[in-house]
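Subject: Structure handover

Hi,

Here is the structure for you to look over. Please open it beside this email as you read.

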Amino acid sequence: MQKIAIVTDSSAALPSEMILKLQKCGGFAVVPLSVEIEGSSLGHLSEDEVGERIALAHALGHTIKTASPSIGAFQNTYRDLLNQGFETVLSLHLSSELSSTYDVARTAAKDFSAKIIVVDSQTAALALGWAVLKIHELAQTLENPRELAEIAHEICENIQLFFYIPTLDALKRGGRVSPALARVGQLLQIRPVATVEDGKLIYLERPRTIERAKDLLAAHCKRESDRRHAVEFYPEHERTPIATGAIVGAHFSANRSELESWIEANEFSSNILISPLPAVLCAHTGLGALAVAVY
């Protein structure tokens with residue numbers, strides 16, 4: 001029997017059908033971050049309804065707030081998995097530089113002695129989600145939770161997230177960018193291309209047109225993929241998946257057809273895992289964002 005269960009949060013951006021599949025396999029759980037619009041929680045709505053409400057809120061300029069799961073939500077999830085017979089829970093979460101989710105999970109884990117290992121992924125979206133998928137796969141056969149946690153760190157360190165944001169408005173409302181930069185961005189129509197480094201949001205380019213932003217996003221993905229193909233990667237653990245230079249995942253925010261056209265135009269693999277940008281991230285990026293994970 002699998003001895004190690006895997007927990008993540010909704011920022012991992014795994015498609016709902018994939019989450020259900022993993023839950024049926026056993027030893028897997030997702031703890032949701034909350035989203036509120038004008039003080040009203042969206043927790044009771046379906047995934048599609050949440051997406052529609054967020055899209056409308058962005059269009060109307062309403063305040064959208066996100067929050068980490070509660071300590072109780074983590075404790076209930078951990079307790080449930082341990083009661084099912086799992087000996088250890090590996091809990092892998094959104095960068096602590098972007099959210100307090102990791103810190104909340106660590107606080108919740110204190111009530112369970114050493115049975116819960118919490119990992120700060122230092123990333124987000126499918127860069128986190130893809131790592132979660134690989135770790136869940138390894139947990140079927142690997143019985144040493146500390147080794148599995150170290151492998152999780154290695155995978156997260158070797159995966160890069162690039163994304164394009166069509167406007168700085170949502171980031172400004174969510175406090176993710178300074179009002180001064182947001183004003184300049186609005187004036188110059190900046191559409192930033194960014195990444196996550198050491199867990200933090202880093203702006204790479206500040207193009208002024210959508211097409212230029214999408215071209216730069218593709219260029220960064222190709223450059224990173226080529227670099228990874230050119231350099232041999234020696235993992236510390238024999239079971240660690242080797243970096244391949246592959247684009248493993250991509251997100252869209254209300255523009256799936258645009259993402260698919262972009263993938264085709266740049267001749268990226270058709271095997272890329274595609275999923276909607278989760279509500280908790282869409283709340284900060286706004287509509288029209290594209291994101292890509294390279295491993």
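**Ground rules**

This is a predicted model, where local features need pLDDT of at least 70, side-chain atom pairs count only at pLDDT 80 or more, and totals for chains, interfaces and linings use all residues. Residues are numbered from 1 along each chain as its sequence is written, and side-chain values use heavy atoms, with hydrogens and water left out.

**Overall**

The protein chain has eleven helices and 13 strands. These are DSSP runs numbered from the N terminus: helices are H or I with at least four residues, strands are E with at least two. Of the 295 residues, 53% count as buried. Buried means under 20% relative accessible area, exposed over 50%, and partly exposed in between (1.4 Å probe, protein chains only). The chain exposes about 13900 Å², and carbon and sulfur atoms supply 49% of that area. Areas come from the Shrake-Rupley method with a 1.4 Å probe; for residues, only the protein chains shown count as cover.

Contact means heavy atoms within 4.5 Å. Among contacts in the protein chain with a separation of 6 or more, 75% are between residues 24 or more positions apart.

**Helices**

Start with α3, residues 71-83. It has 13 residues and reaches 18 Å from its first C-alpha to its last, close to the 18 Å expected at 1.5 Å a residue. The expected span is 1.5 Å times one less than the number of residues. Its buried residues are Phe74, Gln75, Thr77, Tyr78, Leu81 and Leu82. Seen down the axis of α3, they fall within an arc of 165°, so they line one face of the helix. The arc is that of the directions from the helix axis to the C-beta atoms. Asn76 and Asn83 are exposed on the other side. The buried residues of α3 pack against β1 (4-9), β2 (28-31), β6 (88-93), α4 (101-109) and β7 (116-120). Gly85 follows α3 and has a positive phi, near 110°.

Helix α10 (residues 256-265) buries Leu259, Trp262 and Ile263. These cover an arc of only 100° around the axis, which puts them on the same side of α10. Ser257, Glu264 and Ala265 are exposed on the face turned away from the buried side. Just after α10, Glu267 takes a positive phi of about 55°.

Helix α6 covers residues 145-157. Its buried residues include Pro145, Leu148 and Glu154. The buried residues of α6 pack against β1, β6, β7 and α5.

**Cores**

A nonpolar core is a set of buried Ala, Val, Leu, Ile, Met, Phe, Trp, Tyr and Cys residues joined through side-chain atoms within 4.5 Å. The largest one has 58 residues. Ile6, Leu14, Leu90, Ile135 and Leu148 have the most contacts inside it. Helix α5 gives the largest share of this core, ten residues. Apart from it lies another core, of 20 residues, among them Phe162, Ile247, Trp262 and Leu290.

What does Ile6 contact beyond its neighbours within four places in sequence? Its partners include Gly27, Phe28, Leu90, Val132, Ile135 and Leu148.

**Aromatic pairs**

The whole structure holds four aromatic pairs. Rings of Phe, Tyr and Trp (its six-membered ring) pair if their centres lie within 6.5 Å; planes under 30 degrees apart count as stacked, over 60 as edge-to-face and the rest as tilted. The rings of Trp130 and Tyr295 have centres 4.5 Å apart and planes at 45°, so the pair is tilted. Trp130 lies in α5 (residues 125-138) and Tyr295 in the segment after β13 (290-294), so the pair ties together parts that are 165 residues apart in sequence. Trp130 is buried at 14% relative accessible area. Tyr295 is buried too, at 1%. Ring pairs also link Phe74, Tyr78 and Phe112 into a cluster.

**Two single residues**

Thr88 lies in strand β6. It counts as buried, at 11% relative accessibility. Leaving out residues up to four places away in sequence, Thr88 touches Lys3, Ile4, Ala5, Leu82, Lys115, Ile117 and Pro145.

Leu204 lies in strand β10 (residues 200-205). Is Leu204 buried or partly exposed? Leu204 is partly exposed, with a relative accessible area of 29%. Leu204 and Pro192 are twelve residues apart in sequence and 7.4 Å apart in space, C-alpha to C-alpha.

Best wishes
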